[in-house]
Amino acid sequence: MFTRDEVIEAMEQCLSEKEGEILSARWGVDNGIPVKVEELKESYGITIKQMRDIEKRVSQYIRSR
């Protein structure tokens, strides 16, 4: 898995502010408590596919470094 610092750097470099908030909540970056995709769908109005796309972009960014 990725370190917290890697994730934060990747979020800053390749995501919009909203996408960063979503991923931060999903992975529990700020408080260590990950949020379920279903809850994010309700809060942010995103689809599961959009969530996967955000996660994929961050993962690809970290792996490319």
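Me: Which side chain does K49 meet in a salt bridge?
Reply: In this predicted model, K49 pairs with D53, at 3.1 Å from N to O. Both residues belong to helix α4, where they are four residues apart, about one turn of the helix.

Me: And is K49 buried or exposed?
Reply: K49 counts as exposed, at 55% relative accessibility. D53 is partly exposed, at 32%.

Me: How many salt bridges does the count come to?
Reply: The count is five. One of them joins E9 and R65, whose closest N and O atoms are 2.4 Å apart. That pair links distant parts of the chain, since E9 sits in helix α1 and R65 in the segment after α4, 56 residues apart.

Me: What about R26, which residue does it bridge to?
Reply: R26 forms a salt bridge with E55, with the closest N and O atoms 3.5 Å apart. R26 is in helix α2 and E55 in helix α4, so the pair ties together parts that are 29 residues apart in sequence. R26 is partly exposed, with a relative accessible area of 25%. E55 counts as buried because its relative accessibility is 18%, and the cut-off for buried is under 20%.

Me: Changing topic, how many residues are in the largest nonpolar core?
Reply: That core has 15 residues, and M11, L15 and V58 are among those with the most contacts inside it. Helices α1, α2, α3 and α4 each give two or more residues to this core, and α4 gives the most, with five.

Me: Which residues does V58 touch?
Reply: Leaving aside residues up to four places away in sequence, V58 touches A10, M11, C14, L15, L23 and W27.

Me: Which helices do the buried residues of α2 pack against?
Reply: They pack against α1, α3 and α4. The buried residues of α2 include I22 and L23.

Technical notes:
Residues numbered from 1 in each chain as written. Predicted model: local features only at pLDDT ≥ 70, side-chain atom pairs only at ≥ 80, totals over all residues. Heavy atoms only, no water. Core = buried A, V, L, I, M, F, W, Y, C linked by side-chain atoms within 4.5 Å. Buried < 20%, exposed > 50% of the residue type's maximum accessible area, 1.4 Å probe, protein only. Contact = heavy atoms within 4.5 Å. Salt bridge = Lys/Arg side-chain N within 4 Å of Asp/Glu carboxyl O.
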